[in-house]
Amino acid sequence: MVNEKMLTLGTKKSTIRTIFEYGQKRIAEVGAENVYDFSLGNPNVPTPEYIKEAAVDILQTTDPAEVHGYTVAPGKPAVRAAIAEAINERFSMQLTSSNIFMTAGAAAAITICFKALNEESDEFITIAPFFPEYQAFVESVGGRLVIVPPKRETFQIDFTAFECSVTPKTKAVIVNSPNNPSGAVYSEETIKKLAEILEAKEREYAHPIFIIADEPYREIAYERIEVPYIPHFYKNTLVCYSYSKSFSLAGERIGYIVVPSEVDGFAEVYGAIAGAGRVLTHVNAPSLWQLVVARCAKKPSDISAYEENGRILYEGLIEAGFTCLKPQGAFYLFPKALEEDDRAFCEKAKKYDLLLVPGSDFGCPGHFRASYCIRKETIEQSIPVFKKLAEEYRKK
Ligand code: PLP
């Protein structure tokens with residue numbers, strides 16, 4: 001009677017959601033101060049004042065039809081021009097409004113790109129560990145997600161494994177840096193090597209292979225780590241950006257796609273993006289939030305709370321005996337589980353009310369994800385608990 005796949009997607013809870021709901025139940029039973037919930041990636045830094053002020057001012061002073069009416073499908077021309085200008089200033093690009101397509105966040109942006117590019121079960125490569133929604137998004141447009149294992153110590157790309165995965169059916173490679181869940185930032189060296197391989201494969205197969213840069217965490221990079229701007233290194237790059245994390249606007253659904261003029265078949269690619277947005281019924285990105293982000297396009301993000309949380313959790317876990325990549329960006333740590341079976345490990349952690357997500361859910365067994373966009377006090381109080389858990393393993 002209904003589409004089985006949709007029924008499964010709509011009713012089978014994700015592991016993250018199940019763990020979060022379990023945490024809510026435990027909070028009711030034992031109190032919030034005794035539950036250490038590292039499950040969700042919902043930004044906890046308050047939305048900046050300048051965003052609130054811009055929203056209020058726009059609501060009070062702008063013609064309601066301009067604020068609440070439909071916009072043209074790619075987004076308001078003046079908004080796209082303001083965003084293009086901000087990107088040009090920051091990354092020395094030469095974009096205009098015609099290179100920007102406003103979307104309802106990164107999820108919409110990447111899915112629109114998948115839909116726009118996919119022909120007859122094309123392949124889309126992701127490097128593990130990866131954002132699990134990619135699977136549903138790629139399959140929803142008829143594509144096939146190909147998962148490539150990473151270098152385990154650094155979570156950079158394992159190019160031997162990567163090269164073996166590129167085939168004539170490869171339409172695009174998804175690059176998510178800073179990465180959810182590993183917290184790694186791909187180095188310039190990694191991006192250059194990726195570009196070199198893809199350029200050679202494009203020549204061999206005589207068709208473009210795109211990079212879809214999924215960048216909701218672009219602003220969240222620590223210790224002055226530079227997040228390479230991929231269009232500088234690879235021509236056929238579509239950048240999917242979101243304000244969900246940088247401005248803590250996850251519920252408002254606002255972001256954009258950059259389609260540089262240099263991409264092969266620019267007019268067709270931009271046109272297909274518009275068509276994909278149309279059939280996916282995006283209509284237009286939220287009008288009020290288009291105006292707000294355009295006004296704030298050059299404003300900085302405050303990542304100090306995430307940086308501090310990441311440092312406290314990382315140092316605490318290392319002290320407790322865990323092995324973990326030092327946080328480079330985003331707000332996740334992806335340590336090694338203390339036994340091979342990451343699901344069994346997370347179940348054991350649950351006994352201590354430490355709520356962690358198994359790495360298997362991100363295509364990378366043997367690890368777990370701890371999301372640190374939570375209260376600093378919770379992280380501080382969790383460290384002795386992590387130590388107790390590690391102690392239980394040492395006693396074995
Ligand atoms: N891509 C990655 C890697 C994410 O972690 C997320 C959200 O957590 C998204 C995309 C979706 O972000 P948005 O809220 O902008 O749709």
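On a 1 Å grid over the protein atoms alone, a pocket is an open set of points where a 1.4 Å probe fits, with protein on both sides within 12 Å along at least five of seven lines, and lining residues have an atom within 4 Å of a point. Its volume is the space filled by probe spheres set on the points, which are joined across faces, edges and corners. Before you click around: this is a predicted model, where local features need pLDDT of at least 70, side-chain atom pairs count only at pLDDT 80 or more, and totals for chains, interfaces and linings use all residues. Numbering starts from 1 along each chain as its sequence is written, and side-chain values use heavy atoms, with hydrogens and water left out.

**Stop 1: the largest pocket**

Its volume is about 1400 Å³. Select S14, I16, F131, P132 and E133, the closest to its centre of the 41 lining residues. Now colour α1 (4-11), α2 (15-30), α6 (105-117) and α7 (133-140), the elements that each give two or more residues to this lining; helices here are DSSP runs of H or I with at least four residues, strands are runs of E with at least two, and both are numbered from the N terminus. Top contributor is α7, with six residues. Switch to domain colouring and you'll see at least three lining residues from each of domain 1 (4-48 + 302-394) and domain 2 (63-296), with bounds from an automatic or database domain assignment.

**Stop 2: α6 against α7**

Keep these two helices on screen. They pack at an angle of about 40 degrees, with axes 9 Å apart; axes are lines fitted to C-alpha atoms over the stretch in contact, and angles run from 0 to 180 degrees between N-to-C directions. The pair is therefore oblique, the class left over once angles under 35 degrees (roughly parallel), over 145 (roughly antiparallel) and 65 to 115 (roughly perpendicular) are taken out.

**Stop 3: the loops on either side of β3**

Go to E120, in the loop between α6 and β3. E120 isn't a glycine, yet its phi is positive, about 40 degrees. Then select P129, in the loop between β3 (123-127) and α7. A cis peptide bond joins A128 to P129, with omega about -10 degrees.

**Stop 4: another cis proline**

Jump to P178, in the loop between β5 (170-175) and α9 (188-205). S177 and P178 are joined by a cis peptide bond, omega about -5 degrees.

**Stop 5: the second largest pocket**

This one holds about 370 Å³ of space. Select R90, E219, Y241, A297 and K299, the closest to its centre among 22 lining residues. Both α5 (77-91) and β7 (237-242) give two or more residues, and α5 gives the most, with six.
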